[in-house]
Amino acid sequence: MELTYRVPRPDELEAFMLPVWRGFAVPAPSPELVEDERDLWEPARSIGVLDGDEWVGGAGAFTMDLTLPGGAVVPAAGVTMVGVAPTHRRRGVLSELMRRQLDDVAAGPEPVAVLTASEAAIYGRFGYGVATRGVRLRVAPEWARLRPEVPSPAGRLRQVTVAQARAVLPAAYERIRSRRPGAVGRSEAWWETHVFRDRPDGREGGTALMVLVHEDEAGTVDGWATYRALERWWPDRLPESTLRVEDLLGADDLVHLELWRGLLAHDLYAEVDVLHAAIDDPLLLAVRDARRVRASALSDWLWLRILDVPRALGPRRWGAGGDLVVEVVDGFRPASGGRFRIEADADGTGTVDATDAAPDLTLGAEELGTVALGGVAPSALARVGRAVEHRPGALATADALFASPVAPHCATMF
Ligand SMILES: CC(=O)SCCNC(=O)CCNC(=O)[C@H](O)C(C)(C)COP(=O)(O)OP(=O)(O)OC[C@H]1O[C@@H](n2cnc3c(N)ncnc32)[C@H](O)[C@@H]1OP(=O)(O)O
């Protein structure tokens, strides 16, 4: 039977989502999961595929935004709910969904699309590159003491209820997100479904959510940790007892470390486990014994697909002054490729414009997404054959331009 692609109606949520849920081996979603999806879903931004009258695949997008190096924010499509029924795989359905979705995004105000991937081999072919990575940090409170040189910031730590957190965390996130390139917008529905509802079936068998906030001297929240005990402390269970940290964000490194200090003060627990820390989390430089911080599972997190190079990169702060013509070869969506001149002043402000000039450097769309936020230097890609320098010195200029003083990091699951 012929396949039909179309936008689902709002009343079709469950049927539309079924192939995606089944793709993730969720046989029948609970009413709570359906309610959460309904609150998050933007049906007009979805595209699905029908075989007869049955949905067999789809892709959705959230209206989001993305922090660039320097703190500027650009609109971004947050690609989500991607799946194709096991009965219809490997015959080009995802490719067609991606083509239609990217055309749709490109026709609107968003110069980029972002996503978090279930598997790392899927999205490069569609021009997405790994813009941020994360690392799992597991720390034994018994051993991990901060060095005496590490000062405490002004203000105080407080433990608050989830209801109190609801009133302060969303605004605090907006205040501090400019610090990290790669941070994405968190909608009210995101906060409710991913944090505050704290549904029992999303707790991995652990306790309800606990919230530690840091307030500055004026009483304004400038950092927080949300966490739960996975295996409750009990004398004979000490070796397994874990505090699982879900969100850990501070306005600066000292606030961030003060939150670590608060978490590590839970000395009844064998381990504090942060599933997704920034690769430059300051803890590694601040503990007396860095071997007690077990870092593992370095992995891709935010994948970035640039659809309009001048609008995506123009507002970013460059790492140095410089002049560079970059040629972007976009195999999946040639209309998004071309040659672009980056001209930046020493203060990091600059312009990005289409040009006919001869390129200094050539790279693919996936590679542009990889270097765009400063997580990987262009020269590192060139060394493995993924970027080509046409003029001696061009790679050094590109490295300096694209560099970011802090590693890009996306702390948001969507
Ligand atoms: C943002 C998110 O929501 S991430 C979630 C993604 N969804 C899932 O992981 C759910 C489970 N998986 C699936 O639903 C499907 O396997 C999908 C969506 C990943 C792929 O759908 P398909 O329709 O089979 O992909 P399609 O046929 O268009 O494949 C295009 C190409 O990608 C390759 N490809 C597709 N999936 C994968 C994969 N998981 N690993 C490696 N290669 C893959 C195909 O081999 C094909 O390559 P080719 O062009 O060289 O032949």
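This dialogue walks through how to read some features of the structure above.

Q: What kind of model is this, and how are residues numbered?
A: The model is predicted: local features need pLDDT of at least 70, side-chain atom pairs count only at pLDDT 80 or more, and totals for chains, interfaces and linings use all residues. Residues are numbered from 1 along each chain as its sequence is written.

Q: Where does UniProt place the feature "domain: N-acetyltransferase"?
A: UniProt positions use the numbering used here, feature names are shortened, and annotations may be inferred rather than shown by experiment. The unreviewed entry puts this domain at residues 3-148. The span is 24% helix and 34% strand, and its end C-alpha atoms lie 65 Å apart. Helices (H or I, at least four residues) and strands (E, at least two) are DSSP runs, numbered from the N terminus.

Q: Which residues does UniProt list as "binding site"?
A: The unreviewed entry lists several, including Val82, Arg90, Arg91, Leu94 and Ser118. Arg90 is in the loop between β4 and α3. Arg91 lies in the loop between β4 and α3.

Q: Why does Arg90 count as exposed?
A: Count the other C-beta atoms, placed from the backbone, within 10 Å of a residue's own: 20 or more means buried, 12 or fewer exposed, and in between partly exposed. Arg90 is exposed because 7 other C-beta atoms lie within 10 Å. Arg91 is exposed too, with 10.

Q: What is the strand order in the open sheet of seven strands?
A: Two strands pair if DSSP finds at least two bridges between them. The order is β8-β9-β10-β11-β12-β7-β13, with mixed pairing. β8 (156-160) and β13 (293-300) are the edge strands, each pairing on one side only. β9 (residues 210-215) and β10 (residues 221-229) pair in the antiparallel sense over six bridges. Glu215 stands opposite Val221 in β10.

Q: Which strands does helix α4 touch?
A: Residues are in contact if their C-beta atoms, placed from the backbone, lie within 7 Å. Helix α4 (residues 162-176) packs on the sheet and touches β8, β9, β10 and β11 (242-250).

Definitions and conventions
Two residues are in contact if their C-beta atoms, placed from the backbone, lie within 7 Å. Axes are lines fitted to C-alpha atoms, for helices over the stretch in contact, and angles run from 0 to 180 degrees between N-to-C directions.
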